[in-house]
Amino acid sequence: MLHVANLTASIGGTPILRGLDLDVGAGEVHAIMGPNGSGKSTFAHALAGRDGYEIDGAATLDGVDLLDMEPEARAAAGVFVGFQYPVEIPGVNNMYFLRTALNSVRRARGETEIGARDFLAVAQEAMDLVEMKKDFLHRAVNAGFSGGEKKRNEILQMAVMQPRLAVLDETDSGLDIDALRIVASGVNALRSPERSMIVITHYQRLLEYIKPDFVHVLVDGRIVNSGDHTLALHLEDHGYADFVNHELDAPERPLSGAAT
Amino acid sequence: MTTVAPTSPIEYPTRHDERWRYAPHDLLGRLSFGPPSASADKIPGPIGAQIPALDGPLIVIVNGVVDERWSNLTAIPDGLRLSTLADASADPAVPVVAHFNPDVDGAADVFMALNTTFGVDGAFVDVAEGQKLDAPIHIVDVAIPDETSNTSCTGVVIHLGADSSATIVETRLGGSEAFGGSNTRTTITLDDHSTLEHIVLQDMPSTQVHLGRVEVTQHAGSALRARSFNLGAIYGRLAYDVHLAGAGAHTDLSGLYYGAGEQTLDQQITVIHTAKDCTSRQSYRGVLDDESAGVFNGGIDVRPGADGTDAEQHNDNLLLSNRAEANTQPRLEILADDVACKHGATVGQLDANAMYYLRTRGIPAADARRLLVNAFADQAVDDIGIDAVRTWVRDRLGTPDA
Ligand SMILES: Nc1ncnc2c1ncn2[C@@H]1O[C@H](COP(=O)(O)OP(=O)(O)OP(=O)(O)O)[C@@H](O)[C@H]1O
Ligand SMILES: [Mg+2]
């Protein structure tokens, strides 16, 4: 499904991603953890197609090269990135935005567009999933939303877009306990054999709700370690010091499934 | 050619004149003026498609003369006098409200003088005391440059009696692509506690010049809601001079200018407070593409004795090209006590983060851009109270109802 090989990204000559390799199979959920500034969001944006990076290496989705595509074409190809910092768009109605987004990708794929009335049902289902109040649909996109509300709005968008690959960048940050559960169960509801997910997080707690198939540690723009969900527990206890120093102390918890 | 040389003491404006700083002086010098020319058969075809379809009286003025063929003056409600300005001026029983407003200092210019000389016809609207009119009155001005003079002059005089209310839409168009333009002057008098919604839609061809003035005198407790859409013309100028002369009057002026190509769209707004406890709001938005220029020159003039004034002014500009420019100039003069006065101006570009965010949701760049421009412009479009006008503006801007 997603195949990333030796991906590098730099900004103004400063390397941020330094040869990232990752394969995500259909239906799999991968977690990426790593210290602040290690390049997690940069990776998400490199997949989404943000301007301003010098990019090298390969990233393909179902064999299709993503790196030469515009962001909207990547969305049409099935890429969805939930932003760590969702953007406020004053004056653009959330419902109109969602329908425009969905119909844009449908049009790009040669599918028929969905009318306003039918879309209401689509939106309602997505709203129920994230337990969002209806008035959010009638407000401007993220404008004045609280931090947690913005994150829920990202999941709402994912539910409407039904992407093939979802990359969720710290969607759990800033959520209260109930919201975390709601967002996690929303994510779980959207898990499917056809859909792959990359969940970027700092907290092991999210991974208790969303059991990932693999956990990767991203340090200095590279994946330095990979394992199963127990790797997250190890990180919770020990932090990243081991990986930053590029050596592993004897773990108190066994590193089952670790790739090193 | 019956061009009138600028008569003394008024001179053609120059670049040194603050209010004419960004005007294309070469083009202004090529405008020629003369007495109104008969309009019969000037309009090539129906103008219905070019104007909002309003449900109410319609008066169409072609080259400064009312054209009965296109006008609809059949369903005039009681308490409304709607006629040609020429008829009203000729009728001794009609107290035509002073065309000149001596209280508005410093605003006179040569084009106003030319309008006074040649803009003898046009529309006259008089709403009787206590009369509340439901249907909007539509005044359409069409300029068709001809050989004798390429610029038409039109006068519009509006008087609202005490406690009356009305809605008036003025649409300004050009009937050919030839160089020339129109010079319109609207004089509005609002008696005590009357309420007027006044909308100007300026959509002249991009080969022409529009010089529009609106002069308002507001008496005690009256309220004006003025909306302007400055969209067409190579140079589109809308000047408002509002004099708050009676205590507790309220004026709310807002507008959108949306330029492309080589247009210059100029708003010259002055609110003069001379009475106590009046409020004024100015809120103008500009969207400027290509090599277009926007001008907002906004004055708040609080004269001695206008205590308790509450005045605000905002101007926000969105530049869609790096060759477009916005010129914004507040003029504040406050000579009274207990005055609340706020003003602010912004000039920005499309938010690159918002563009990116929309595109990651599959929305193509061109659509994303349109969405963001609409969101910016909509602040001005959204609060148009008349559906047909809102639809007309949206169609004109290519922005569908969201
Ligand atoms: N536009 C930019 N210009 C310069 N440096 C940048 C830019 N964007 C990101 N960086 C740098 O790239 C590095 C990686 O940033 P990134 O946002 O990918 O980190 P992250 O792993 O997501 O961190 P966090 O956990 O704090 O979200 C950081 O050092 C950051 O300062
Ligand atoms: Mg990040």
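Residues are numbered from 1 along each chain as its sequence is written, with chains lettered from A and ligands numbered from 1 in the order in which they are written. In this predicted model, local features need pLDDT of at least 70, side-chain atom pairs count only at pLDDT 80 or more, and totals for chains, interfaces and linings use all residues, while side-chain values use heavy atoms, with hydrogens and water left out.

**Stop 1: ligand 1**

Next, show distances to the oxygen atoms of ligand 1. A polar side-chain atom of N36(A) lies 3.0 Å from an oxygen atom of ligand 1. For Q84(A), an N or O atom in the side chain is 3.0 Å from an oxygen atom of ligand 1. With S38(A), a backbone N or O atom lies 3.2 Å from an oxygen atom of ligand 1. The protein covers 57% of the 640 Å² of accessible area that ligand 1 has on its own; accessible areas come from the Shrake-Rupley method with a 1.4 Å probe, and for residues only the protein chains shown count as cover.

**Stop 2**

**Stop 3: helix α1 of chain A**

Helices (H or I, at least four residues) and strands (E, at least two) are DSSP runs, numbered from the N terminus. How many of the residues of α1(A) are buried? The count is 9 of its 9 residues, including F43(A), H45(A) and L47(A). Just after α1(A), G49(A) takes a positive phi of about 100°.

**Stop 4: β11 of chain A and its partners**

Select residues 214-219 of chain A, strand β11, in which 5 of the 6 residues are buried. Two strands pair if DSSP finds at least two bridges between them. Strand β3 (residues 29-33) of chain A pairs with β11(A) in the parallel sense over 4 bridges, and I32(A) has H216(A) as its bridge partner. To strand β12 (residues 222-227) of chain A, β11(A) is joined by 5 bridges, and these two run antiparallel. H216(A) has the bridge partner S226(A) in β12(A). In the hairpin of β11(A) and β12(A), with 2 residues between the strands, D220(A) takes a positive phi near 50°.

Move along to T230(A), which lies in helix α8 (residues 230-238) of chain A. T230(A) is buried, with a relative accessible area of 16%. Its side chain is joined to that of D228(A) by a polar contact of 2.4 Å. A polar contact is a pair of N or O atoms within 3.5 Å; within protein, one must be able to donate a hydrogen and the other to accept it, and residues adjacent in sequence count only if both atoms are side-chain atoms.

**Stop 5: an open sheet in chain A**

Select the 4 strands of the open sheet ordered β2-β1-β4-β5 in chain A, with antiparallel pairing. The edge strands are β2 (14-24) and β5 (64-65), each pairing on one side only. Strand β4 (residues 54-61) and β5(A) pair over 2 bridges, and L61(A) has V64(A) as its bridge partner.

**Stop 6: the sheet in chain B**

In chain B, 10 strands form an open sheet in the order β2-β1-β5-β7-β9-β11-β13-β15-β17-β19, with mixed pairing. Strand β13 (residues 250-259) has 9 of its 10 residues buried. It pairs in the parallel sense with β11(B) over 8 bridges and with β15(B) over 10 bridges. T251(B) is the bridge partner of L224(B), and S280(B) that of T251(B).

Key: Buried < 20%, exposed > 50% of the residue type's maximum accessible area, 1.4 Å probe, protein only.
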